[in-house]
Structure formats: structure tokens, C-alpha cells
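Me: I am new to this one. Please walk me through it in short questions and answers.

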Amino acid sequence: MLDNKNKSTNTSEEETELWQDFLSITPDPPERRDKCESCKRPKVVCWCPSLPHPPLIVKSSVVILQHPAEEKRTLRTALMLQLGLSAGTCIVYKGKRFPGPRNQHELEPILKAPYSLLLYPSKTSVPLETIKQQIISGSVPLPGPPRTFTLVLIDGTWPQAKAIYASSPLLHRMLQVKLIAAGCSDYIIRTQPTEGCLSTLETAAQSLALLEDRPELRELLVKPLHMLCKYQLDNGAVEHQSKEFRIQHQQYPKQIGKRLNRLLNYSAICRKESKEAQVDLATNILYCEQEKT
């Protein structure tokens with residue numbers, strides 16, 4: 001009888017200890033690694049040292065229309081742009097339709113402004129490389145000479161960007177531009193659809209370099225991306241080729257869908273336009289030199 005009582009007492013004490021251990025567990029697991037306050041990355045792989053110091057001051061401003069799913073991505077680049085530019089130069093709005101109920105009062109005037117440029121490859125988009133010349137010549141009807149621009153970008157995957165554009169009628173009425181000499185992306189740890197597809201950071205950096213007539217802006221703003229890619233490659237990531245490259249070299253394992261086929265065709269058109277623009281630019285330079293002599 002005494003043994004049963006002792007067993008009962010021991011069991012009760014064990015249960016009490018178990019309950020105390022259970023109650024001491026925090027609702028959220030503790031952070032295993034210290035994170036940087038700015039980039040939110042673990043401090044051992046923080047890319048903030050490669051940011052411009054001090055942040056770059058530009059005349060233009062940038063507005064990013066970000067799909068909600070993009071914020072959850074670990075390897076996103078929009079934050080690099082925000083931190084690389086002076087405070088308030090780059091503003092991010094989140095949603096699937098713009099302007100939305102939460103940001104309509106603030107965002108609608110920006111999207112309706114005549115010198116706000118939507119970077120989107122629509123049928124009516126004009127080359128960003130020549131936008132200033134087209135405004136001065138009158139081929140792009142805008143009030144007065146070029147002033148400071150607001151560059152509007154859609155941040156998300158191609159299907160997400162297309163869905164945002166389709167569900168946002170105000171974006172259709174904006175002056176739309178495109179990069180025809182985009183080049184290849186330095187975001188080599190992520191698969192791009194075509195050779196001319198760039199990350200949000202690279203797109204904004206190249207566009208600002210053109211609008212500001214400051215070629216060095218691209219290199220300065222993209223440095224954090226280079227650092228991120230190096231960290232990932234040093235820790236087991238592999239370099240990715242674009243789907244276009246893999247198709248050309250018979251390395252793409254899937255059937256080419258309609259969406260990818262349209263992107264491949266668009267990429268080919270942009271490369272053709274880029275070559276034509278380079279020829280026109282060379283002709284204009286030669287003409288100006290002849291006029292001087």
C-alpha cells in the first residue's frame with residue numbers, strides 16, 4: 001500500500017515538472033541567428049556593407065508596386081534599392097490592384113502625373129533610352145521640356161506583374177516605357193525567363209542611370225546584389241542560366257508554353273530594336289561631329 005502511494009507521488013511530481021516545462025515554451029521559436037536591422041538578413045550574410053555610403057541622391061523618384069507574395073521571398077531586391085537611395089526616394093506600395101483602397105489618396109495623383117513613367121513592356125511602350133529626345137521633339141506629347149521623372153515599376157513574377165497590370169486600369173493610361181538594351185541579369189542565382197529579363201533592382205538602376213545621365217548609378221546600386229549572389233554561391237547555391245539560354249542549348253526539360261513563347265518573341269524584338277537604336281545613335285554622333293567641322 002505504501003509503495004502505491006510513493007509511486008503515485010512520484011508520478012504527480014513528474015507530471016508537474018512536465019507541465020512546468022510545457023508552460024515555459026515560448027509561442028514563437030527563438031531566433032537562431034542575429035539579423036541585421038536594415039536588410040533583415042542574418043548578420044553573417046548581410047549585404048549592407050556593399051550599399052552606397054552615403055545613400056545616393058537622384059532627381060528622379062521611384063515607386064514600386066509590389067505583389068504581396070514578393071515580400072515573403074528571401075532573395076528579393078527591392079529593399080536593396082530602397083536602402084541604396086536617399087530616404088523617401090523609393091516608395092513601395094503592396095497590393096494586387098493599384099491604386100487600392102488603402103493607398104488611393106496618396107498613390108492616384110502620382111500615377112496620373114504627366115512625368116510618371118510606367119516601366120512595362122506593353123504594345124504602346126516607348127524605349128526609355130530615347131524618352132527625353134522624344135518629349136523634346138514632340139513625338140511623345142507632354143507639357144513642356146523634361147522635368148524630374150517618377151519611375152513606376154511592378155515588382156513580382158511575370159504572371160503576377162501581368163495580373164497587376166490587367167487589374168489596374170489607371171496603369172493603362174500612363175506613359176509606358178521599356179528598356180530595349182537591358183543586357184543580361186547579374187542575378188545569377190535565380191532563373192530568368194529570357195536573357196533580357198532583369199531583377200527589380202537592376203531594372204530601376206539602369207533606368208535611373210538613363211534618366212539621370214549618370215551611367216555610374218547602375219554599378220553603384222547593383223553592388224549589394226553581387227554580394228548576395230557571392231554569399232549564396234559560396235554556401236552551395238548554383239549559377240542559373242535563363243530559360244532562353246537552356247532552350248537554345250537544348251537543356252530545357254519542359255515543353256515551351258504560350259507565356260514563355262511570347263516572352264522569347266518579345267526578347268528577340270527588343271534585341272532588334274536595340275541594334276537599330278545603336279545604329280541611329282552612332283549616325284547622330286557622326287552627324288554632330290561633321291557639323292562641328
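Reply: Start with one term: a residue is buried if its relative accessible area is under 20%, exposed if over 50%, and partly exposed in between. Keep in mind that this is a predicted model.

Me: Are Tyr120 and Tyr165 buried or exposed?
Reply: These two tyrosines form an aromatic pair. The cut-off to apply is under 20% relative accessible area. By that test, both Tyr120 and Tyr165 are buried.

Me: How is the pair of Tyr120 and Tyr165 arranged, stacked or edge-to-face?
Reply: The centres of the two rings are 4.1 Å apart, with 15° between the planes. Planes under 30 degrees apart count as stacked. So the arrangement of Tyr120 and Tyr165 is stacked.

Me: How many residues apart in sequence are the parts that this pair of Tyr120 and Tyr165 ties together?
Reply: Tyr120 lies in the loop between S3 and strand S4 (126-127). Tyr165 lies in helix H5, residues 158-166. The pair therefore ties together parts whose separation in sequence is 45 residues.

Me: How many aromatic pairs does a search of the whole structure find, and which residues pair edge-to-face?
Reply: The search finds 2 aromatic pairs. In the edge-to-face pair, the distance is 5.7 Å centre to centre and the angle between the planes is 65°. Its partners are Tyr115 and Phe149.

Me: What is the relative accessible area of Phe149?
Reply: Phe149 sits in the loop between helix H4 (131-137) and strand S5 (150-155), 34 residues from Tyr115. Tyr115 is buried, with a relative accessible area of 6%. Phe149 is buried too, and its value is 2%.

Me: Which residues cover the two faces of S3, and are they buried or exposed?
Reply: In a regular strand the side chains alternate between the two faces of the sheet. In S3, Ser116 and Leu118 are on one side, with Leu117 and Leu119 on the other. All four are buried.

Me: In S6, what is the bridge partner of Leu117?
Reply: S3 pairs with S5 in the parallel sense over 3 bridges. S3 also pairs in the parallel sense with strand S6 (residues 175-178), over 3 bridges. In S5, Ser116 has Thr150 as its bridge partner. In S6, the partner of Leu117 is Leu175.

Me: Which residues touch the most other members of the largest nonpolar core?
Reply: This core has 46 residues. Ile131 is in contact with residues beyond four places in sequence, including Val126, Val140 and Leu211. The residues that touch the most other members are Leu81, Leu85 and Ile131.

Me: Where does the peptide bond at Pro99 stand, cis or trans?
Reply: Most peptide bonds are trans. Pro99 lies in the loop between strand S2 (90-94) and H3. Between Phe98 and Pro99, omega is about -10°, and the bond is cis.

Me: What is the phi of Asp213?
Reply: Most residues other than glycine have a negative phi. Asp213 lies in the loop between H7 and helix H8 (216-234). Asp213 is exposed, with a relative accessible area of 58%. Although Asp213 is not a glycine, its phi is positive, about 55°.

Me: What share of the 293 residues of the chain counts as buried?
Reply: The chain has 10 helices and 6 strands. Its accessible surface comes to about 18200 Å². Of its 293 residues, the share that counts as buried is 39%.

Conventions:
Residues are numbered from 1 along each chain as its sequence is written. This is a predicted model: local features need pLDDT of at least 70, side-chain atom pairs count only at pLDDT 80 or more; totals for chains, interfaces and linings use all residues. Side-chain values use heavy atoms; hydrogens and water are left out. A nonpolar core is a set of buried Ala, Val, Leu, Ile, Met, Phe, Trp, Tyr and Cys residues joined through side-chain atoms within 4.5 Å. Buried means under 20% relative accessible area, exposed over 50%, partly exposed in between (1.4 Å probe, protein chains only). Contact means heavy atoms within 4.5 Å. Rings of Phe, Tyr and Trp (its six-membered ring) pair if their centres lie within 6.5 Å; planes under 30 degrees apart count as stacked, over 60 as edge-to-face and the rest as tilted. Accessible areas come from the Shrake-Rupley method with a 1.4 Å probe; for residues, only the protein chains shown count as cover. Two strands pair if DSSP finds at least two bridges between them.
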